[in-house]
Amino acid sequence: MTLKALRREVVFAVSRFLNHPMVIKIKNVLKYILIIPFLFELIGRLKYRTQKKVWGIVFLIPWILGFLLFFLVPFFRSFYFSFHKISTGAEGLQLERVGLQNYLDAFLKFSLNDITFQEYLLSSLWNLIIDIPVIIIFSLLMAVILNGKFRGRTFARAVFFIPVILNSRAVQTAITEGEAVRIALEQAGLTLEGIFDFERFLLEANFAQGLVTFLIASVARIYDIITRSGVQILLFLAAIQSVPGHLYEAAKIEGATQYEMFWKITLPVVSPMIIPATIYTVVDSYLSMSVSDVISYVFFDQKYGLSAAMSYIYFASVSILLAFILFLISRVVFYYDK
């Protein structure tokens with residue numbers, strides 16, 4: 001083979017390699033990668049404040065794309081489904097417009113285990129009303145305690161946050177088994193209620209019936225309250241640690257007690273954190289309520305339109321309740337910087 005022919009073969013082989021589909025894809029990816037240093041240099045020439053805005057937008061882009069594609073589109077799509085009767089066929093989903101019939105059926109016709117959807121909804125909202133103040137108060141008190149200086153406080157903080165990390169079947173199984181043990185003890189008459197009637201004691205102590213009902217419901221849900229307080233404790237702990245130290249020093253000089261410093265300094269300064277803690281509590285509780293199980297049951301029963309309607313009724317109810325609670329909280333929140 002002559003040198004000219006060999007050169008022709010090499011050029012042909014290289015050309016074939018460069019035109020291979022996989023190589024073309026790699027070249028296209030490299031084009032975008034090589035643009036990145038140029039973008040960094042271009043952003044670096046901007047003013048500092050402009051740079052912060054640009055990088056803020058850059059880091060928000062993945063969230064915005066995820067929100068648009070994986071939340072907003074399904075959100076409006078499911079809302080559209082709630083006005084239809086949906087069936088599956090060879091061609092996919094078949095929609096039959098029924099207007100508000102799914103919403104009317106949810107309120108007027110549906111029942112599961114002889115319990116109506118309204119009863120499930122009201123029960124879930126009542127449990128949420130109980131959970132929010134109890135979890136917030138418990139989290140704040142635990143954050144104050146964990147902020148103190150004592151041996152093993154790092155381990156104690158980890159203990160309260162472990163359920164958030166596990167957040168899962170393991171914790172739920174442990175709670176379920178604990179519930180089974182509680183039922184067995186109740187049948188044997190060995191529980192605290194069998195020895196000491198807490199509700200009767202509170203009523204005889206002239207506590208209001210509403211307060212007694214609230215306390216009994218809170219005690220009955222103590223497992224849920226503890227396992228769902230980890231993030232809120234962390235939020236309050238971070239807020240407490242950010243309280244300016246000179247405020248406590250001035251209070252000590254004036255002779256204030258720990259009790260007075262909590263009510264006059266700690267609570268007002270960390271009060272803005274109650275808002276995100278409340279929002280997280282509501283979001284965390286959203287799928288654990290009994291009405292969520294009912295909606296899932298209807299969905300797996302292939303009543304997709306009715307399930308969508310129930311979901312939006314539940315979503316609207318929780319949103320109204322959350323807006324009302326946040327309105328009340330915002331009236332008493334104190335902002336130290338203002």
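Two residues are in contact here when they have heavy atoms within 4.5 Å. That idea runs through the views below. This is a predicted model, in which local features need pLDDT of at least 70 and side-chain atom pairs count only at pLDDT 80 or more, while totals for chains, interfaces and linings use all residues. Residues are numbered from 1 along each chain as its sequence is written, and side-chain values use heavy atoms, with hydrogens and water left out.

**View 1**
Leu267 sits in helix 14, residues 258-270. Helices here are DSSP runs of H or I with at least four residues, strands are runs of E with at least two, and both are numbered from the N terminus. Setting aside neighbours within four places in sequence, Leu267 is in contact with Leu140 and Phe262. Look also for Ile240: its C-alpha atom is 8.7 Å from that of Leu267, though the two residues are 27 apart along the chain.

**View 1. The whole protein, for bearings.**
The protein has 17 helices and four strands. Of its 338 residues, 28% are buried (under 20% relative accessible area; exposed is over 50% and partly exposed lies in between, with a 1.4 Å probe and protein chains only). Take the contacts between residues at least 6 apart in sequence: 66% of them join residues at least 24 apart.

Ser82 lies in the loop between helix 3 (48-81) and strand 1 (84-89). Is Ser82 buried or exposed? With 0% relative accessibility, Ser82 counts as buried. Its side chain reaches the backbone oxygen of Phe79 at 2.6 Å. That is a polar contact, meaning a pair of N or O atoms within 3.5 Å; within protein, one must be able to donate a hydrogen and the other to accept it, and residues adjacent in sequence count only if both atoms are side-chain atoms. Not counting residues up to four places away in sequence, Ser82 touches Gly99, Asn102, Tyr103, Gly305, Ala308 and Ala309.

**View 2. Aromatic rings on show.**
The structure holds 15 aromatic pairs. Phe79 and Phe83 form an edge-to-face pair, because their ring centres are 5.1 Å apart and their planes stand at 90 degrees. Rings of Phe, Tyr and Trp (its six-membered ring) pair if their centres lie within 6.5 Å; planes under 30 degrees apart are stacked, over 60 edge-to-face, and the rest tilted. Phe79 is partly exposed at 36% relative accessibility, whereas Phe83 is buried at 17%. Ring pairs also link a cluster made of Trp63, Phe67, Phe71, Phe75, Phe76, Phe79, Phe83, Tyr103, Tyr312 and Phe315.

**View 3. Helix 3 meeting helix 17.**
The axes of helix 3 and helix 17 (residues 304-332) come within 8 Å and cross at roughly 115 degrees. Phe75, Phe76, Ser78, Phe79 and Phe81 of helix 3 make the contact with Gly305, Ala308, Tyr312 and Phe315 of helix 17. Axes are lines fitted to C-alpha atoms, for helices over the stretch in contact, and angles run from 0 to 180 degrees between N-to-C directions.

**View 4. The hairpin of strands 1 and 2.**
Strand 1 and strand 2 (residues 92-97) run antiparallel and are joined by six bridges; two strands pair if DSSP finds at least two bridges between them. A hairpin of two residues connects strand 1 to strand 2. Thr88 stands opposite Leu93 in strand 2.
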